[in-house]
Amino acid sequence: MAKVSELRAMDDDELRNKLEEARSELFNLRFQVATAQLSNVARIGTLKHEIARILTLLRERELEVVAGER
C-alpha cells in the first residue's frame with residue numbers, strides 16, 4: 001500500500017492509473033473470495049482504503065483548481 005506522501009508526489013495521470021489498478025485488483029480479490037480461493041481477506045480492506053485515499057487526493061486537487069479560478 002502506498003503512503004499518502006507517495007501518492008501526493010504523483011501527478012493526476014499516475015493517480016488515475018493507480019486507481020484503475022487498485023479497482024481491478026479489488027475486483028479480482030472479490031472474485032477469489034466468491035470462489036473460496038482467497039486466503040488473505042485483509043487485502044480487500046487495504047485496497048478499499050487505498051482507493052479512498054486516491055479519490056480524496058484527486059478531489060482535493062479538483063477543488064484547488066476550481067478555487068484558483070475564482
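In the predicted model, a salt bridge joins the side chains of Asp 13 and Arg 16, with an N to O distance of 3.8 Å. Both residues belong to helix 2, where they are 3 residues apart, or about one turn of the helix. Asp 13 is classed as exposed at 52% relative accessibility, whereas Arg 16 is partly exposed, its relative accessible area being 45%. The count of salt bridges comes to 6, and two others among them are described below.

Arg 43 pairs with Glu 25 in a salt bridge whose closest N and O atoms are 3.1 Å apart, and this pair links distant parts of the chain, since Arg 43 lies in helix 3 and Glu 25 in helix 2, 18 residues apart. Arg 43 is partly exposed with a relative accessible area of 24%, and Glu 25 is likewise partly exposed, at 31%. A further salt bridge is formed by the side chains of Glu 60 and Arg 8 (3.1 Å, N to O); because Glu 60 lies in helix 3 and Arg 8 in helix 1 (residues 4–9), the pair ties together parts that are 52 residues apart in sequence. Glu 60 is partly exposed at 31% relative accessibility, as is Arg 8 at 47%.

Helix 2 (residues 12–34) packs against helix 3 (residues 42–69) at an angle of about 155 degrees, with 9 Å between the axes, and the two helices are therefore roughly antiparallel. Their crossing is left-handed. Residues making the contact include Leu 15, Arg 16, Leu 19 and Glu 25 of helix 2, together with Arg 43, Leu 47 and Ile 51 of helix 3. By class, this contact comprises 13 nonpolar and 10 charged residues, with no polar ones.

Definitions and conventions. Residues numbered from 1 in each chain as written. Predicted model: local features only at pLDDT ≥ 70, side-chain atom pairs only at ≥ 80, totals over all residues. Heavy atoms only, no water. Axes fitted to C-alpha atoms, helices over the stretch in contact; angles between N-to-C directions. Helix = DSSP H or I, 4+ residues; strand = E, 2+ residues; numbered from the N terminus. Parallel < 35°, antiparallel > 145°, perpendicular 65-115°, else oblique. Left-handed = near helix turned anticlockwise from the far one by under 90°. Contact = heavy atoms within 4.5 Å. Nonpolar A, V, L, I, M, F, W, Y, C, P; charged D, E, K, R; others polar. Salt bridge = Lys/Arg side-chain N within 4 Å of Asp/Glu carboxyl O. Buried < 20%, exposed > 50% of the residue type's maximum accessible area, 1.4 Å probe, protein only.
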